[in-house]
Amino acid sequence: MSNIQDKVVVITGASSGIGEATAKELVSKGAKLVLAARREDRLKKLQDEIKSSGGQAIYKVTDVTSRQQMEELAEYALKEFGKIDVLVNNAGIMPQAFLAENKVDEGDKMIDVNIKGVLYAIAAIVPSMRERKSGHVINLSSVAGHNIFPGGTVYCGTKFAVKAISEGLRQEEAMSGTNIRVTNVSPGAVTSELVETTTDPTMKAGLDEIYQVAIDANSIARTIAFAIEQPSDVAINELIVRPTVQVH
């Protein structure tokens, strides 16, 4: 039996891309899912797919930039399933532009989704894991959390932050003896809607070229499943997953 069997997994950004692929991968291994995103039609469609294949999934329309909505998501998951075993902090956006373009509103939104959203999810869900002395937090960073490139300055900053948050949480929980595992997953170019969040035409053209070699989101879903499947005394802390031909 898979170590994923009967685990309750909360996935943010579950309506498309890596979130959707992860939901399908984990439910195929017996997980019970709590799907969160802003687009209810997508969530309902995914839930229907999962149920028709014999899996268990509930959903809640959630904006990760709202601390209250994240708390309500955690409460809903605990009410329906009685526990949360795994949090997959997947929601993120990637509008890219040079700082001189002064796209401050886009930068603010990235900080709200990519950093605050991760912190709000941790704040809402980790306390119940600590009570049970069991849990797993999986944060989606990026290769941009390891390498900086022109035009991606703010995005890179948010993903470096996710990497730092992951390592800080790992150390704190290890010191506290809570048995909570922390995994930081850093994808390279992956087929998703992420590129479409870039409005700057020059940056968008460059990203479209880079993403011609993008790997399928299922590759990251399998990576996440691999981390969860390890025995409870084993923590896979850092994973970088790129297309074989991606240089940076």
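Reader: How do the axes of α4 and α5 cross?
Author: In this predicted model, the axes of helix α4 (residues 104-132) and helix α5 (residues 153-176) cross at roughly 15°. They come within 9 Å.

Reader: Does that count as roughly parallel or roughly perpendicular?
Author: Angles under 35 degrees count as roughly parallel, so α4 is roughly parallel to α5. The crossing of α4 past α5 is right-handed.

Reader: Which residues make the contact?
Author: From α4, the contact is made by G107, M110, I111, N114, I115, V118, L119, I122, V126 and R130. From α5 come V154, Y155, T158, K159, A161, V162, I165, L169, E173 and S176.

Reader: And what classes of residue are in the contact of α4 with α5?
Author: That contact has 13 nonpolar residues, along with four polar and three charged ones.

Reader: Let me change topic. What is the volume of the largest pocket?
Author: Its volume is about 1200 Å³. The lining of this pocket consists of 49 residues, and G92, I93, M94, Y155 and L194 lie nearest its centre. Y155 also belongs to the α5 side of the contact with α4.

Reader: Which element gives the most to that lining?
Author: That is α6, with four residues of the lining of the largest pocket. At least two residues each are supplied by α1 (17-27), β2 (32-37), α4, α5 and α6 (201-210). By class, the lining has 25 nonpolar, 18 polar and six charged residues.

Reader: How much space lies in the second largest pocket?
Author: The second largest pocket holds about 330 Å³ of space. It is lined by 19 residues, and those closest to its centre are G135, N179, I180, R181 and S232. Two or more lining residues each come from α5 and β6 (180-187).

Reader: What classes make up that lining?
Author: The lining of the second largest pocket has five nonpolar, seven polar and seven charged residues.

Reader: Back to helices, then. How do α1 and α2 cross?
Author: The axes of α1 and helix α2 (residues 40-52) come within 11 Å and cross at roughly 15°. That angle makes α1 roughly parallel to α2, and α1 passes α2 in a right-handed crossing.

Reader: Which residues touch there?
Author: E20, A23, K24 and V27 of α1 make the contact with L46, E49 and I50 of α2. By class, the contact of α1 with α2 has four nonpolar, no polar and three charged residues.

Notes: Residues numbered from 1 in each chain as written. Predicted model: local features only at pLDDT ≥ 70, side-chain atom pairs only at ≥ 80, totals over all residues. Heavy atoms only, no water. Axes fitted to C-alpha atoms, helices over the stretch in contact; angles between N-to-C directions. Parallel < 35°, antiparallel > 145°, perpendicular 65-115°, else oblique. Left-handed = near helix turned anticlockwise from the far one by under 90°. Contact = heavy atoms within 4.5 Å. Nonpolar A, V, L, I, M, F, W, Y, C, P; charged D, E, K, R; others polar. 1 Å grid on protein atoms, 1.4 Å probe; cavity = no way out; pocket = protein on both sides within 12 Å on 5 of 7 lines; lining within 4 Å. Points joined across faces, edges and corners; volume = space filled by probe spheres on them.
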